[in-house]
Every structure is written in C-alpha cells, then in structure tokens.
Amino acid sequence: MPLRPIPTDVSPSRDELGRRAAAHVVKLLQGILATQPRARVVFACAPSQNEFLAALITQSQSVIDWSHIDGFHMDEYIGLRAKHPASFRTYLKQHFLDHVPLGSFAEIHGEALDAEAEATRYASLLSAAPIDLICLGIGENGHIAFNDPSVADFDDPQRVKVVHLDHACRQQQLNDGCFATLADVPKQALSLTIPVFRQAQHLSVVVPGMRKAQAVAAACLGPLTTKCPASILRTHGSVRLFLDEFSALQLTA
C-alpha cells in the first residue's frame, strides 16, 4: 500500500483545534450534500472529541440541514446499556445528538444478549450505502475505534466485530475519567473494523493531548503496521489530522 503524508493542522489550544476541525467538517458536509440528498457520518465518542463536537454544533447552525444526515458511532462496550453513564451512546447523546436534529442515528446495542449477532446487524446497516465521512480520534496505543494492536487487521473480513480490549486501551478509559477503577472498565466491546475507515470517502481526525503524542508520531512517521493501527491513515486519499501543541510535540521536536 502506498504511503502518503497525512495533512496536519496544529492548533495552539484544544478549543482552537475543535473550531478548526469543525470548520473542516462543515465544509465537507456542505460539499457532500451539494451533490447527493443524504450523508452517512460516523462519530467517535470520547472526551478527546469534546471541543470538536461543541464547535460543530455551533458552526453548523443554519448552514447544515442535519435532517439529511444519518449518523453512526464506531464502538460500544459489551454489557453496558444505552443509559449507562460510561456508554458511548450516552456520551454522544449528551455532547451532540441532543443538540442537532439528526435525520437518523443507528445505535450499537452493547447490551445485546448475542454480541456476534449484534455485530452482524450493525455491519448490515453500515453496508447499506457508502460511508461519506468518519470523525475519529487516535488512542494512546494507536488504535482507531477499538482496533487495538492485538486485534487490528488492515484487511479484516468483518465490518463490525467483538474485540478484547488490551490493557493500554482500558487504562486510557480510566485516564479519561470514564470509570472509577480499572476493574470497572469492560474487557470487551463491539467495534467497527479498519476496512470501514479505509473505504470511507473522508476522514477527519481529532487528537488533542500530551498522552497521544507518541501514537501520533508513530502514525505519521513510523512504518505501516498493526502495532500502530492508526498508521493505516497514511494510505487514505482524503484525511486530515487536527492536533494541539501537545499531541504534535513529537512531530515538531
């Protein structure tokens, strides 16, 4: 796979990062909706996305008709109900869905009794039409969605699968304040797989914070390897990476 440099925008603060990323996404959505009646967009659900989602709500007012956009999310913990405080559905509802009139939103049912069947159901929804845009982050271990190094497959035959979360990933959830103790962090999740990201038309990547600097450097400068799943971003034809001064530290050193 040919590798490309990832176009990168470095902001002096998280707030400015959020504003720049939101402006980029608004422009992409305007372009998509100018050429087709609906857009299909996948959203990340994590504290790293707070500033971006807040700015997207503000900047999209009166310029984006959200009723023409069908939304998805990229992962959910197995065993957590939709209203659990740490579920990704709760996060996205509080930070985005309650503030924009999205045309539709498809939930991953983490509480489903048969997780494999739920993976198949959600994969069918994703496959119904092309994904126009994914708004994502990068994990401290280089994951995208919950494709940790131990489970990442650049040519995964599945579009959604059950994954076991590695220690670094679970520690990040604790670091982010999503859980009180490491023992509280679920060990399994349902996750979109890497081919979903590879096949999406556009990727907008928001990655603030010092703890992400090493993963950002590995993704941008290191080899193409599942040891840093985000390195696959360098094979995509329409991707932009938004950093703050701390996450960009190892790129500018």
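**View 1. Aspartate 156 sits in the loop between β6 and β7 (160-164).** Helices and strands here are DSSP runs (H or I over at least four residues for helices, E over at least two for strands), numbered from the N terminus. The model is predicted, so local features need pLDDT of at least 70 and side-chain atom pairs count only at pLDDT 80 or more, while totals for chains, interfaces and linings use all residues. Residues are numbered from 1 along each chain as its sequence is written, and side-chain values use heavy atoms, with hydrogens and water left out. At 8% relative accessibility, aspartate 156 counts as buried (under 20% relative accessible area; exposed is over 50%, partly exposed in between, with a 1.4 Å probe and protein chains only). Its side chain makes a polar contact with the side chain of lysine 161, at 2.6 Å. A polar contact is a pair of N or O atoms within 3.5 Å; within protein, one must be able to donate a hydrogen and the other to accept it, and residues adjacent in sequence count only if both atoms are side-chain atoms. Leaving out residues up to four places away in sequence, aspartate 156 touches Lys161, Thr193 and Pro195 (contact means heavy atoms within 4.5 Å).

**View 2. Strand β6 (residues 133-136) is covered on both faces.** Look for Leu133 and Cys135 on one side, with Ile134 and Leu136 on the other; all four are buried. In a regular strand the side chains alternate between the two faces of the sheet. β6 pairs in the parallel sense with strand β2 (residues 39-43) over three bridges, and valine 42 has isoleucine 134 as its bridge partner. With strand β9 (residues 202-207), β6 again pairs in the parallel sense, over four bridges; there, cysteine 135 is partnered by serine 204. Two strands count as paired if DSSP finds at least two bridges between them.

**View 3. Valine 41 belongs to strand β2.** This residue is buried, with a relative accessible area of 1%. Valine 41 and cysteine 135 are 94 residues apart in sequence, yet their C-alpha atoms are 7.6 Å apart in space. Not counting residues up to four places away in sequence, valine 41 touches Leu29, Ile69, Asp70, Gly71, Phe72, Leu133 and Cys135.

**View 4. Valine 185 lies in the loop between α5 (167-175) and β8 (188-192).** Valine 185 is buried too, at 1% relative accessible area. Beyond residues up to four places away in sequence, valine 185 touches Arg170, Gln173, Leu174 and Phe179. Asparagine 50 is 135 residues from valine 185 along the chain, and their C-alpha atoms are separated by 21 Å.

**View 5. The largest pocket has a volume of about 360 Å³.** Its lining has 27 residues, and the closest to its centre are Ala46, Ser48, Gln172, Asp176 and Lys212. On a 1 Å grid over the protein atoms alone, a pocket is an open set of points with protein on both sides within 12 Å along at least five of seven lines, a cavity is a set where a 1.4 Å probe fits but cannot get out, and lining residues have an atom within 4 Å of a point. Grid points are joined across faces, edges and corners, and a volume is the space filled by probe spheres set on the points.

**View 6. The largest cavity holds about 30 Å³ of space.** Around this cavity are Phe197, Arg198, Leu203, Ile232, Leu233, Thr235 and His236.
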